Amino acid sequence: MTKEATLLPDTGEPGFGIYLHWPFCAAKCPYCDFNSHVRHVAIDQEAYVAAFLREITTMRTLSGARTVTSIFIGGGTPSLMKPETVDAILNGVARHWHVPDGIEITLEANPSSVEAERFRGYRSAGVNRVSMGVQALNDRDLKFLGRLHDVADAMKAIRLARDIFPRMSFDLIYARPGQTQDEWARELRQAIDLAVDHLSLYQLTIEEGTPFFGLHRNGKINLPDADTAAELYELTQDVTEAAGMPAYEVSNHAVPGAESRHNLTYWRYGDYAGIGPGAHGRLTSAGRKLATATERNPEAWLAMVSEQGHGMVEQDLLEREEQADEMLLMGLRLREGLDLARWRALSGRDLDPDREQFLLDQGFIERLGNSRLRCTQSGMLILDAVVADLAA
Ligand code: SF4
């Protein structure tokens, strides 16, 4: 795989991404509803490599020949993969699609010391960007979030990643119980000092089926109310903007030019192949757009791939109207906004002028010339309602 230190610039096109899902974690965080599993036996990584390679072959048949614009290894905790595992899977991708030198290849990592030791191996395998789940910069909140690392581990991993990878990002979760604006502003400024050119900043949400859901229902976790959460969101926008890392999407902030190419593919409604347990994809095949999803349970996925060459449990044909709704939902998350010509071509219609005017008058959306529509900062706070109104 490519070892180029210079990443190709974004062309503004939707692109074609490859998403690879590694479904295992060392422990389950109490707020997490991702497809992540804890196993108390060693994972047979060679067996998973063989299964990934087989499913890659199936996805290549579905997608046809394409040029890849980004690869993202997400999870779970991909930094539990051996570098040889990453190398073998990335080589499998490059054997099936055209992978130009210098495309963005991201691996999600947790900042424990053991995982950081593998960073050089990942770089040798072709990974040129890591995205680290730091989540908080104080030990009390890391403990509350059930994380296995402490702030000292995170600092070491961030420094190491900065030395090894051309690009690096890390995540923080805010709007934690009791978090004040002053505390968050201090932590955010510290994060900006540590960051290179990209940060993902998410509000803590309570997802059904997680341990936090039960604790929240029983009043044992008190999240900030809606007004406080909105103030924290606005503070986040102001502090990152002033530091030259504005939001380019609801929760993602970057120095202009350092946006995650892979995530832009999702939000610009490009195609992506989703490979591995519980991975979702959007593939245009023979002029039709398919929504794919694979079996979530890792062992069941492994058995399915060995029997039939893939673990897909969904291959749904998306009607044009469904595609247009998805494009609207994704495009309005972006600061660059929705490409109206692409949306019109897909939906075969214009936005309802009365609904659009109402949202413009309320200050929730704005036009960027004739070609793009985007949410304002206040529109972002009620994004779901804006999308529902425009899509209706
Ligand atoms: S490390 Fe990430 S994927 Fe794994 S349980 Fe925690 S939040 Fe979920």
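Two strands pair if DSSP finds at least two bridges between them. With that in hand, here are some close-up views of this predicted model.

**View 1. The hairpin of β14 and β15.** Strands β14 and β15 run antiparallel and are joined by 4 bridges. In one of the facing positions, Arg-367 stands opposite Leu-373 in β15. Between the two strands of this hairpin there are 3 residues, and Gly-369 takes a positive phi near 65°.

**View 2. The open sheet around β15.** Here you meet a sheet of 3 strands in the order β13-β15-β14, with antiparallel pairing. The edges are taken by β13 (338-339) and β14 (365-368); each has a single partner strand, so one side of each has no neighbour in the sheet. Strand β15 (residues 372-375) is joined to β13 by 2 bridges, and Asp-339 has Arg-372 in β15 as its bridge partner. Lying across β14 and β15 is helix α14 (residues 353-361), which runs at about 105° to β14.

**View 3. Helices α7 and α9 side by side.** Two packed helices are described by the angle between their axes and the distance between the axes. For α7 (residues 181-194) and α9 (residues 226-242), the angle is about 35° and the axes are 10 Å apart. Their crossing is right-handed. From α7, the contact involves Gln-181, Trp-184, Ala-185, Leu-188, Arg-189 and Ile-192, which meet Glu-231, Leu-232, Leu-235, Thr-236, Val-239 and Thr-240 in α9. By class, the residues of this contact are 7 nonpolar, 3 polar and 2 charged.

**View 4. Asn-128 in its loop.** Look for Asn-128 in the loop between α4 (119-125) and β4 (129-135). Is Asn-128 buried or exposed? Asn-128 is buried, because its relative accessible area is 0%, and buried means under 20%. Leaving aside neighbours within four places in sequence, Asn-128 is in contact with residues including Leu-7, Ile-103, Glu-104, Phe-165 and Arg-167.

**View 5. The shell around the ligand.** Among the residues surrounding the ligand are Cys-25, Cys-29 and Cys-32, along with Tyr-31, Phe-34, Gly-76, Asn-110 and Arg-147. Sorted by class, the shell has 6 nonpolar, 4 polar and 2 charged residues.

Terms used: Residues numbered from 1 in each chain as written. Predicted model: local features only at pLDDT ≥ 70, side-chain atom pairs only at ≥ 80, totals over all residues. Heavy atoms only, no water. Near = heavy atom within 4 Å. Nonpolar A, V, L, I, M, F, W, Y, C, P; charged D, E, K, R; others polar. Axes fitted to C-alpha atoms, helices over the stretch in contact; angles between N-to-C directions. Left-handed = near helix turned anticlockwise from the far one by under 90°. Contact = heavy atoms within 4.5 Å. Buried < 20%, exposed > 50% of the residue type's maximum accessible area, 1.4 Å probe, protein only.
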